[in-house]
Amino acid sequence: MGRPDLNRRQLLTGVGGLAVAGSFGFAALGTGADALASTAHTRVRYWNLFSGGDGANMIAILDAFRKAYPDIDVKDSTLTWGNPYYTKLAMAASGNRAPELGVMHLGRIPGFAPGRLLDPFDVDLLARYGLREQDFSPAVWKRGMVDGKLYGVPLDTHVQISFYRKDICKKAGLIGDDGKLVPISSTDDWFAALKAAKKVVKGGLETVGIHANDQNFSWWFFLSFYTQLGGTCLSPDGSDVTFDTDKATRVLEFLRKHVTDGYATVGADDGASFTNGSAFVWEGDWSVPVYTGAGLDYGATPMPGVFGPPTSQAESHGFVLPHQSSRGGAGNEAAHRLTAFIVKNALEWAKGGHIPAYLPIQDDADYHKLQPQSEYSSAMDHLAFEPSAWFSGSTGTLSQRIGPVVAASNLGSTKPEAAARRMRGVLEKLLTMKNPMEGTTATEGGSGA
């Protein structure tokens with residue numbers, strides 16, 4: 001399962017494997033997308049990786065922008081999610097065929113050769129269109145910064161959360177007077193809740209889905225609980241490994257116990273199990289439309305705080321300016337305007353489950369009416385990010401190499417103590433590897449550090 005969020009991002013098929021979507025469906029590299037609409041004076045080519053429910057929400061925002069600014073012609077193209085998208089974006093930027101605006105997971109920015117494959121935003125221009133640093137959480141805003149320049153404007157923060165079936169948990173005595181899951185503050189609390197829920201779950205279904213054999217989810221859940229213990233992976237400057245194998249072993253033993261005690265079933269379709277009557281499932285917030293669409297009586301909380309604060313692994317979608325040798329002028333200004341418009345109108349985007357990065361929306365009464373979004377929005381107070389390094393970020397080298405080690409421990413093919421040592425070894429090895437987009441290692445002080 002290399003694709004953790006297939007329900008949300010059903011791949012669109014197109015010529016040559018290129019997925020293309022949007023209000024007009026222009027091909028990302030085709031010359032036909034370059035012609036201006038008859039009433040427009042400025043063109044903005046905009047590449048993104050949003051399909052499914054996310055794609056529909058983004059199209060709604062883009063159509064509102066077109067209505068508000070008919071003189072700007074937005075040519076939106078949706079490419080295949082994951083590394084294929086980043087490969088095409090890098091090729092376009094290095095070959096001077098880049099769009100005016102693109103989407104990127106902020107964790108990927110340090111490895112994308114800022115200053116060579118990405119151009120910095122003009123913060124004064126963003127401010128003119130209504131976006132300022134103080135409008136964002138400092139921790140999220142910082143992730144778009146490299147060497148004092150802004151290369152990524154946050155759109156959202158998407159977190160791993162614990163979904164729970166209210167109907168099942170109520171029968172198990174796990175719903176409080178407020179209609180929400182009772183507080184969980186220790187491993188004993190959590191396994192007691194699973195024990196009670198298991199007695200209620202019928203049809204041979206698992207009690208909780210933890211995606212035990214998925215490398216991405218395994219790493220994300222590990223990082224959530226490891227951060228609760230105060231664990232870190234790299235030093236602040238990214239030059240040394242600080243991975244604590246004792247803390248890692250505690251987390252790995254905790255995850256493994258879900259399988260050995262019969263609460264999680266390896267190989268089960270965790271999402272389908274939850275829909276059919278499992279009590280819990282751990283997944284990204286992008287699954288909200290799936291379960292809401294299924295008509296379930298459910299809620300969602302940050303990952304259970306069994307070792308400390310309820311810290312949840314997080315990543316952010318953000319906007320970037322792929323490098324153009326002649327960047328500037330009306331097209332560049334329009335890209336800044338479009339970025340600001342989408343970010344400031346992300347209430348529509350929040351319906352897909354993501355937490356808006358723009359603080360005024362987080363404080364908006366209409367946002368607080370969204371369920372279960374408002375129930376887990378407190379996850380913003382306790383975020384677990386991958387270390388800032390060229391190998392980090394969604395579908396990055398780190399998750400590809402360290403995730404299988406966690407999954408092996410979950411499945412019992414590697415003991416937790418040995419897996420923890422292997423995880424540290426992965427980090428030590430990655431520090432010696434050169435960023436393929438820049439040619440430097442993290443310890444050599446490049447932008448990937």
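Modeller: The discussion below takes up a pocket, a helix residue and the cysteines. Please keep in mind that this is a predicted model.

Biologist: How much space lies in the largest pocket?

Modeller: Rolling a probe the size of a water molecule over the atoms shows where empty space is left. Here, the largest pocket holds about 770 Å³ of space. Its lining comprises 28 residues, and those closest to the centre are Lys142, Phe385, Glu386, Pro387 and Ser388. Two or more lining residues come from each of helix 4 (138-142), strand 5 (145-146), helix 7 (215-228) and strand 15 (383-384).

Biologist: How do the residues of that lining divide into nonpolar, polar and charged?

Modeller: The lining of the largest pocket has 15 nonpolar, 9 polar and 4 charged residues.

Biologist: Is threonine 249 buried or exposed?

Modeller: A residue counts as buried when its relative accessible area is under 20%. Threonine 249 has a value of 11%, and it is therefore buried. This threonine belongs to helix 8 (residues 245-260). Leaving aside residues up to four places away in sequence, threonine 249 touches Pro416, Glu417 and Ala420.

Biologist: How many disulfides does the count give?

Modeller: A disulfide is a covalent bond between the sulfur atoms of two cysteines. In this model the count comes to 0 disulfides, with a pair of cysteine sulfur atoms required to lie within 2.5 Å.

Biologist: Are cysteine 169 and cysteine 233 buried or exposed?

Modeller: Cysteine 169 is buried, because its relative accessibility is 0%. Cysteine 233 is also buried, with a relative accessibility of 5%.

Note on methods. Residues are numbered from 1 along each chain as its sequence is written. This is a predicted model: local features need pLDDT of at least 70, side-chain atom pairs count only at pLDDT 80 or more; totals for chains, interfaces and linings use all residues. Side-chain values use heavy atoms; hydrogens and water are left out. On a 1 Å grid over the protein atoms alone, a cavity is a set of points where a 1.4 Å probe fits but cannot get out, and a pocket is an open set with protein on both sides within 12 Å along at least five of seven lines; lining residues have an atom within 4 Å of a point. Grid points are joined across faces, edges and corners, and a volume is the space filled by probe spheres set on the points. Helices (H or I, at least four residues) and strands (E, at least two) are DSSP runs, numbered from the N terminus. Ala, Val, Leu, Ile, Met, Phe, Trp, Tyr, Cys and Pro count as nonpolar, Asp, Glu, Lys and Arg as charged, and the others, Gly among them, as polar. Buried means under 20% relative accessible area, exposed over 50%, partly exposed in between (1.4 Å probe, protein chains only). Contact means heavy atoms within 4.5 Å.
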